[in-house]
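Hi,

Here is the structure I said I'd pass on.

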Amino acid sequence: MKQRILENLTTTERLTLLEQIFAPGAGARLEQSSCRLSDMEWMFDFNVVNLVECKYTYDNANDLFGELRNMLMPIQGIHPNYGLLCFIHIIMSDGNSDNEAFSREILRFIDDCKSLDMVFDHFFSTSSLQDDITLRVIFVDDENLENIRDWVTKDSRL
């Protein structure tokens, strides 16, 4: 697994991230979304938006679930805490026969998270330009935790 961490995304990086989801380039397509682009304006309400991006082969895709658990429930001193998880974006290889089963497993994982009062949006995309699985996880953080609490309450996320 390869991992890249971008902390405190700039406004331009936030816009680029949304563009990659909602207006992907040639060879890519948004397959499933739990919300619309207009629902994503919150990304600009927070001082800090962090991105963790991991790449997996289809052979080690199950490692993705353990990594997501560590990000959702970090153990202090062992796993970094990037803030409140807001959404995940999974990009799969276009035409791979394992995509449907993998998508079902991810949706089951998301449902399990909901039963633990962890609610976040998700996006599934496919791309003919890659052979692996890319997981993008977006977190928000703020010096004033009230901003996060207000946002969570306002959108009835919990």
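**What I found**

Strand β3 has 8 of its 9 residues buried, so β3 is largely enclosed by the rest of the structure. Buried here means under 20% relative accessible area, exposed over 50%, and partly exposed in between, using a 1.4 Å probe and protein chains only. Helices (H or I, at least four residues) and strands (E, at least two) are DSSP runs, numbered from the N terminus.

Before you dig in: this is a predicted model, so local features need pLDDT of at least 70 and side-chain atom pairs count only at pLDDT 80 or more, while totals for chains, interfaces and linings use all residues. Residues are numbered from 1 along each chain as its sequence is written, and side-chain values use heavy atoms, with hydrogens and water left out.

**The sheet**

The 6 strands make an open sheet with mixed pairing, in the order β1-β3-β6-β4-β5-β2. From one strand to the next, the twist averages 20°. (Axes are lines fitted to C-alpha atoms, for helices over the stretch in contact, and angles run from 0 to 180 degrees between N-to-C directions. Two strands pair if DSSP finds at least two bridges between them.)

Back to β3: with β1 it pairs in the antiparallel sense over 5 bridges, and Ile5 has Val52 in β3 as its bridge partner. β3 and β6 are also paired in the antiparallel sense, over 9 bridges, with Leu51 opposite Ile138 in β6. β6 in turn pairs with β4, antiparallel over 7 bridges, and there Ile90 stands opposite Leu135. Helix α3 packs on the sheet, where it touches β2, β4, β5 (121–127) and β6, and its direction makes about 170° with that of β4.

**The cores**

The largest nonpolar core has 27 residues, of which Leu64, Ile88, Ile90, Phe102 and Ile106 touch the most other members. At least two residues of this core come from each of β3 (48–56), α2 (63–72), β4 (84–93), α3 (99–115) and β6 (133–141). By nonpolar core I mean a set of buried Ala, Val, Leu, Ile, Met, Phe, Trp, Tyr and Cys residues joined through side-chain atoms within 4.5 Å.

What does Leu64 contact, leaving aside its neighbours within four places in sequence? Tyr56, Phe102, Ile106, Ile133 and Leu135, where contact means heavy atoms within 4.5 Å.

**Salt bridges**

There are 7 salt bridges in the structure, each being a side-chain nitrogen of Lys or Arg within 4 Å of a carboxyl oxygen of Asp or Glu. One of them joins Arg4 and Glu53 (3.3 Å, N to O). Arg4 sits in β1 (residues 2–6) and Glu53 in β3, so this pair ties together parts 49 residues apart in sequence. Arg4 is partly exposed at 39% relative accessibility, whereas Glu53 is buried at 10%. A network of salt bridges links Arg4, Glu53 and Arg136.

Asp94 and Arg29 form another salt bridge, their closest N and O atoms 3.7 Å apart. This one links distant parts of the chain, 65 residues apart: Asp94 in the loop between β4 and α3, and Arg29 in β2 (residues 28–33). Asp94 is partly exposed at 37%, as is Arg29 at 44%.

Cheers
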